[in-house]
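Trainee: Could we go through this model together, strand by strand and helix by helix, with the reasoning spelled out at each step?

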Amino acid sequence: MSETTDVRVGVDLGGTGTRIVLVGSEGATVDRVSFATVAERAVAVPSLVSAIRTLLAGRTPVSIGIGASGPVDRCGVIRNPATLPGFSGADLEGELGDAFDVPVSIDNDAVTAAIYEQRLGEAVGAAGTLMVTLGTGVGVAALDRGRPIRGTDGEHPEAGHRLVAEPTPPCYCGRSACWEQAVSRTALQAAAEEVCGPGAADALAELASRARGGQEQALSVFESFGNALGAGLADLQTVVRANVIVIGGSVAQFDDLLHEAAQRAYTRIDTYAPVPEIRFSRAGDVGGAIGAAFLEPRWYRPATG
């Protein structure tokens, strides 16, 4: 363990797992811990405070940043009872600020993933970055010279929830055919279980193994998934017009099986929008937490008084 004392705390609060990192002044990871996200409202925040305190082990943090599965409103409050019931509606900035007496910032986890890519990953030096994270759900963020692009009302756009042409399972957002239900890891896991057997814990890994071995049925699953991913990226790029597009989240590990189909579907817009090559994140499972450690206070606050 490093003896660094001045550290930033970064938290990636996902629907399935929570990751906490301590980041030194030069951006290096000092220590980290991961555990299943707590769903019970009564113990969720106290458990997070306890986990941070334990990881700090007496160190003094200079700040705490949190990236959370959205929506996260413009006041920094999670509004996501579907996948973060334990933290939805909680005053995390206030409660963690009181517990550690440091500035606390919170934002959508796609924003913190994008911050990581611009500082240390695939988008270093890019003026405009489009980040799409594929995990339990789908997160989308765009950075313009390091600053998140918001809606005109100051809220973070929930661009993972968009109507798609192909049928999908119903989405909790209310759509009967939603991009999140087509390209999340959850969707890929469901497709893997159809091929490898229902309830198979390692169905996704088995599907990937079969595809890399050349099995046509497995290859067709990744081909279809890549097509849906690329078509959705094309829609986003006509609006964002980014210099760099990065795919993150746990699905990024299958880039060798998805890249060609996604790039082919996405490149169909090349007559009216720029088409930079799709890049896949190499951050592993801690990029979002590291990005969260470098969050700045949200630039939009509602008028008070």
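Mentor: Let us begin with a term that we shall need for the sheets: two strands pair if DSSP finds at least two bridges between them. Please keep in mind throughout that this is a predicted model.

Trainee: With that in hand, which residue in strand 10 is the bridge partner of Ile245?
Mentor: Strand 9 and strand 10 pair in the parallel sense, over three bridges, and these clear the cut-off of at least two. Within strand 10, the residue that bridges to Ile245 is Ile278.

Trainee: Are the two faces of strand 9 covered or open, and which residues show it?
Mentor: In a regular strand the side chains alternate between the two faces of the sheet. In strand 9, five of its five residues are buried, and buried here means under 20% relative accessible area. One side holds Val244, Val246 and Gly248 and the other holds Ile245 and Ile247, all of them buried, so that both faces are covered.

Trainee: Turning to the sheet of five strands, in what order do they lie, and which are the edge strands?
Mentor: The five strands form an open sheet with mixed pairing, in the order 3-2-1-4-5. Strand 3 (29-36) and strand 5 (104-108) each pair on one side only, and the edge strands are therefore strand 3 and strand 5.

Trainee: Which residue of strand 2 is the bridge partner of Gly10?
Mentor: Strand 1 (residues 6-13) and strand 2 (residues 17-23) pair in the antiparallel sense over six bridges. The partner of Gly10 in strand 2 is Val21.

Trainee: What angles do helix 2 and helix 3 make with strand 5?
Mentor: Helix 2 (residues 92-100) packs on the sheet and touches strand 1, strand 4 (60-68) and strand 5, with its direction at about 150° to that of strand 5. Helix 3 (residues 109-120) also packs on the sheet, touching strand 1, strand 4 and strand 5, and its direction makes with that of strand 5 an angle of about 100°.

Trainee: Where does Asp101 lie, and what is its phi?
Mentor: Most residues other than glycine have a negative phi, and most peptide bonds are trans. Asp101 lies in the loop between helix 2 and strand 5, and with 72% relative accessibility Asp101 counts as exposed. Although Asp101 is not a glycine, its phi is positive, at about 55°.

Trainee: Why does Arg145 count as exposed?
Mentor: Arg145 is found in the loop between strand 7 (138-144) and strand 8 (147-148), and its phi has a positive value near 50°. Exposed means over 50% relative accessible area, and Arg145 is therefore exposed because its value is 66%.

Trainee: Why is Gln237 called buried, and what is its relative accessible area?
Mentor: Gln237 has its place in helix 7. Leaving aside its neighbours within four places in sequence, Gln237 is in contact with residues including Leu130, Ile245, Tyr266 and Pro276. Buried means under 20%, and Gln237 is buried because its relative accessible area is 0%.

Trainee: How many disulfides are counted, and how far from Cys178 is the nearest cysteine sulfur?
Mentor: A disulfide needs two cysteine sulfur atoms within 2.5 Å, and the count comes to zero. Cys178, which counts as buried at 0% relative accessibility, is in no disulfide, and the nearest cysteine sulfur, that of Cys171, lies at 3.8 Å.

Trainee: Which helix gives the most to the lining of the largest cavity?
Mentor: The count comes to one cavity of 30 Å³ or more, and the largest cavity holds about 40 Å³ of space. Its lining residues include Leu13, Phe35, Ala44 and Phe87. With three residues, the helix that gives the most to this lining is helix 1 (residues 41-56).

Terms used
Residues are numbered from 1 along each chain as its sequence is written. This is a predicted model: local features need pLDDT of at least 70, side-chain atom pairs count only at pLDDT 80 or more; totals for chains, interfaces and linings use all residues. Side-chain values use heavy atoms; hydrogens and water are left out. Helices (H or I, at least four residues) and strands (E, at least two) are DSSP runs, numbered from the N terminus. Contact means heavy atoms within 4.5 Å. Axes are lines fitted to C-alpha atoms, for helices over the stretch in contact, and angles run from 0 to 180 degrees between N-to-C directions. Buried means under 20% relative accessible area, exposed over 50%, partly exposed in between (1.4 Å probe, protein chains only). On a 1 Å grid over the protein atoms alone, a cavity is a set of points where a 1.4 Å probe fits but cannot get out, and a pocket is an open set with protein on both sides within 12 Å along at least five of seven lines; lining residues have an atom within 4 Å of a point. Grid points are joined across faces, edges and corners, and a volume is the space filled by probe spheres set on the points.
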